[in-house]
Amino acid sequence: MAKKALIFGAGLAGTCLAHRLLSSGIEVKIVDQGSNNSSAVAAGMVNPMVFRRMNKSWRLDEFLPEAQAFYQEIERVLQTHFYHPIVIRRFFSSNEERESWQSRSEEEAYAPYLAKLTASDLAHTAALNTFGSGRVQNAFWVDAEKWVGQHISYFKQRGLLVQEEFSSNLWEPKLRKYAGETYDFVVFCMGYRQKEEQTFSYLPLQQTKGQTLLIESDQISDLESLNRKCFVLPYGEGRFRVGATYEFNNSTLHVTEAGKVLLLENLASLGSYEPVVVAQTAGVRPTVLDRRPLMGQHPIYRGVYIFNGLGTKGYMMAPTLARELVAHMLENKPLHSETNISRFTDRTL
Ligand SMILES: Cc1cc2nc3c(=O)[nH]c(=O)nc-3n(C[C@H](O)[C@H](O)[C@H](O)COP(=O)(O)OP(=O)(O)OC[C@H]3O[C@@H](n4cnc5c(N)ncnc54)[C@H](O)[C@@H]3O)c2cc1C
């Protein structure tokens with residue numbers, strides 16, 4: 001008989017994990033309350049670079065190809081389209097930034113990601129351009145709203161998803177029993193709301209609110225994603241997503257005037273556009289101070305796991321991390337030490 005897994009949460013973490021478990025022959029049931037979903041309001045951008053330090057993103061060479069293949073595979077499974085390759089054009093804020101790009105782009109390890117600067121990059125006119133611009137290759141974005149919406153329908157149609165709130169009264173962690181049913185594996189993927197639930201409340205999960213704007217403009221180029229102080233992601237037909245704010249230790253879900261003003265100010269650093277704001281969204285990222293995910297088995301309750309803390313780079317990391325968690329659950333393969341929640345266990349229990 002197939003083993004059974006119960007997943008709490010159908011955001012990015014829960015959906016990626018469900019796919020990985022199903023492909024390993026595990027029966028899956030998902031419980032999701034159907035709102036407060038960070039994954040749906042995300043821009044879904046996968047930028048190989050961390051511009052602040054002009055470094056590659058953590059474990060980039062492992063995460064990126066697997067994520068590209070995974071999202072295209074899931075497009076085939078769900079028979080829909082949400083994976084979009086894109087070039088990110090970074091407008092430099094100083095001569096130092098341009099110089100550091102130039103020297104990085106000469107390193108072999110950066111060749112797939114940073115295009116060599118050309119005369120046209122330096123004089124590019126898609127935005128205010130004092131110090132030049134450079135192109136990041138191998139980036140993409142996932143239509144995040146569609147990812148979540150399509151998955152809810154997909155799993156519901158197959159009878160794998162129950163839309164209801166987790167109830168601690170129904171949960172017996174020692175027995176891995178929920179609502180009277182025993183599971184071989186139970187995985188908590190509740191995003192920033194994990195803190196409200198007792199089982200993993202000892203973990204140092206933080207809540208970092210983010211807001212974005214959906215704007216319309218016929219003055220902004222839609223050929224590339226523009227970047228300086230903010231990102232501008234073209235959605236087609238003159239629509240763009242502008243993001244994002246970082247509001248630390250904030251788990252409120254309402255949009256604010258201050259958020260809108262900041263995003264429009266950041267946009268103005270790229271050009272004096274006159275955008276029409278069509279919508280404003282807010283969500284809460286599940287983040288961790290050491291910027292690493294939270295994965296692994298509960299220190300006391302056997303068979304009870306967490307997959308969380310995906311932070312700002314969830315769309316790049318989740319496919320690989322979900323596969324690694326399943327290999328850990330089914331084959332006892334060790335997790336990457338920087339992701340394993342055992343890094344907190346000794347200190348906090
Ligand atoms: C404004 C913004 C922009 C972002 N942009 C990007 C980006 O461009 N690229 C990128 O990679 N990442 C981005 N992120 C981060 C990304 O969204 C997160 O890393 C990722 O979505 C987290 O996924 P998750 O599944 O852990 O959490 P969530 O998406 O929050 O999912 C948690 C799920 O658990 C369910 N749940 C919670 N509590 C309960 C309960 N008690 N009972 C039942 N169900 C429950 C919720 O309904 C939800 O579906 C952004 C985030 C924000 C807020």
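This is a predicted model: local features need pLDDT of at least 70, side-chain atom pairs count only at pLDDT 80 or more; totals for chains, interfaces and linings use all residues.
The protein chain contains nine helices and 20 strands. Its radius of gyration is 21 Å, close to the 20 Å given by the globule rule for 349 residues, and the chain is therefore as compact as a globular protein of that length. Along the principal axes, the C-alpha atoms occupy a box of roughly 65 × 40 × 40 Å. Of the 349 residues, 55% are buried. When contacts between residues at least 6 apart in sequence are considered, 73% of them link residues at least 24 apart. The accessible surface of the chain amounts to about 15,700 Å², and carbon and sulfur atoms contribute 48% of this area. The chain carries 38 positive and 37 negative charges, whose mean positions lie 4 Å apart.

Strand S12 comprises residues 185–188 and is covered on both faces. Phe185 and Val187 are buried on one side, while Val186 and Phe188 are buried on the other. Strand S12 takes part in a parallel pairing with strand S1 (residues 4–8), to which it is joined by four bridges. Within this pairing, Leu6 has Val186 of S12 as its bridge partner. A further parallel pairing, made through three bridges, connects S12 to strand S20 (residues 304–308). Here Val186 stands opposite Val304 of S20.

A separate set of pairings involves three strands, which form an open antiparallel sheet in the order S9-S10-S11. Strands S9 (171–172) and S11 (181–182) stand at the edges with a single partner strand each, so one side of each has no neighbour in the sheet. Strand S10 (residues 177–178) is connected to S11 by two bridges, with the two strands running antiparallel. Tyr178 has Glu181 as its bridge partner in S11.

Asn227 belongs to strand S14, which spans residues 225–227. The relative accessibility of Asn227 is 10%, and because the threshold for burial is under 20%, Asn227 counts as buried. With residues up to four places away in sequence left out, Asn227 touches Phe51, Ile88, Arg89, Arg90, Phe91 and Leu270. The C-alpha atoms of Asn227 and Asn266 are separated by 9.8 Å in space, the two residues being 39 apart in sequence.

Key: Residues are numbered from 1 along each chain as its sequence is written. Side-chain values use heavy atoms; hydrogens and water are left out. The radius of gyration is taken over C-alpha atoms; the globule rule is 2.2 Å times the number of residues to the power 0.38. Buried means under 20% relative accessible area, exposed over 50%, partly exposed in between (1.4 Å probe, protein chains only). Contact means heavy atoms within 4.5 Å. Accessible areas come from the Shrake-Rupley method with a 1.4 Å probe; for residues, only the protein chains shown count as cover. Lys and Arg count as positive and Asp and Glu as negative; His and the chain ends are not counted. The place of a charge is taken as NZ of Lys, CZ of Arg, CG of Asp or CD of Glu. Two strands pair if DSSP finds at least two bridges between them.
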